[in-house]
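Please look over the sequence and the model shown below.

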Amino acid sequence: MLSILDQLRETLMDKKYRLSENQHKLFRHYRFFPNDTSYNLAFLYKITGHLDPARLKHAIETVYNATDQLKVHFEENENEIFQNFVKNRTYEMEIIHRKPDESPALFRIYVDNDAKKRLNAPIDLACWPLLRFTLYLSQPEENFLFAYAPHIISDGLSYSRLIDQINQIYNEK
């Protein structure tokens with residue numbers, strides 16, 4: 001029987017998991033075509049109306065940091081591939097502010113170009129975080145939220161659930 005201290009150590013310990021069959025296929029594709037971004041998910045949301053940036057940051061980071069599946073990176077050891085789960089990781093969302101002398105129209109062009117640049121950059125599966133959020137603040141005119149992840153850690157359904165959880169926490173009173 002494990003002592004409470006041993007149970008705590010085991011709970012906090014990094015863990016490695018084998019990949020599913022579909023993850024293996026995606027990982028092999030990534031290895032053969034490392035610059036191909038076709039299997040990545042990217043979303044750019046235009047947020048109009050009132051936005052509380054601190055509240056949105058809190059909601060995203062709370063959900064992200066509570067979701068164990070997002071605390072992974074991938075490792076290859078002697079022809080074996082693992083998802084390496086590190087429990088004590090803490091995600092912080094990137095926020096980019098519009099410069100005071102920059103027009104909202106010019107900032108929109110910047111956001112569009114920056115999102116395209118991020119979208120076309122391959123994601124290194126060995127480097128955490130794999131899912132990345134960027135909040136572009138141009139208050140009060142309009143704001144943008146960009147989310148980008150490799151399909152190997154997320155599909156449309158799980159991503160939708162993640163956004164629902166973020167929305168729920170953001171809208172809590």
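Accessible areas here come from the Shrake-Rupley method with a 1.4 Å probe, and for residues only the protein chains shown count as cover. On that basis the protein exposes about 10,700 Å², of which carbon and sulfur atoms supply 53%.

This is a predicted model, in which local features need pLDDT of at least 70 and side-chain atom pairs count only at pLDDT 80 or more, while totals for chains, interfaces and linings use all residues. Residues are numbered from 1 along each chain as its sequence is written, and side-chain values use heavy atoms, with hydrogens and water left out.

**Overall fold**

The protein has 5 helices and 7 strands. Helices (H or I, at least four residues) and strands (E, at least two) are DSSP runs, numbered from the N terminus. Their order along the sequence is α-β-α-β-α-β-β-β-α-β-β-α. The C-alpha trace spans about 60 × 45 × 25 Å along its principal axes.

Of the 173 residues, 38% are buried; buried means under 20% relative accessible area, exposed over 50%, and partly exposed in between (1.4 Å probe, protein chains only). A contact means heavy atoms within 4.5 Å. Among contacts with a separation of 6 or more, 75% join residues 24 or more positions apart.

**Cavity and pocket**

On a 1 Å grid over the protein atoms alone, a cavity is a set of points where a 1.4 Å probe fits but cannot get out, and a pocket is an open set with protein on both sides within 12 Å along at least five of seven lines; lining residues have an atom within 4 Å of a point. Grid points are joined across faces, edges and corners, and a volume is the space filled by probe spheres set on the points. The structure holds 1 cavity of 30 Å³ or more.

| Space | Volume |
|---|---|
| Largest cavity | about 140 Å³ |
| Largest pocket | about 470 Å³ |

The largest pocket is lined by 23 residues, and Gln69, Leu70, Ile153, Ser154 and Ser158 are the closest to its centre. Helix α5 gives the largest share of this lining, 5 residues. The largest cavity has 14 lining residues, with Leu26, Tyr30, Tyr39, Asn40 and Pro150 nearest its centre. Helix α2 (residues 21-32) gives the largest share of the cavity lining, 3 residues.

**A loop residue**

Ala121 sits in the loop between α4 (104-119) and β6 (132-137). Is Ala121 buried or partly exposed? Ala121 is partly exposed, because its relative accessible area is 32%. Leaving aside residues up to four places away in sequence, Ala121 touches Thr37 and Tyr148. Asn35 is 86 residues from Ala121 along the chain, yet their C-alpha atoms are separated by 7.4 Å.
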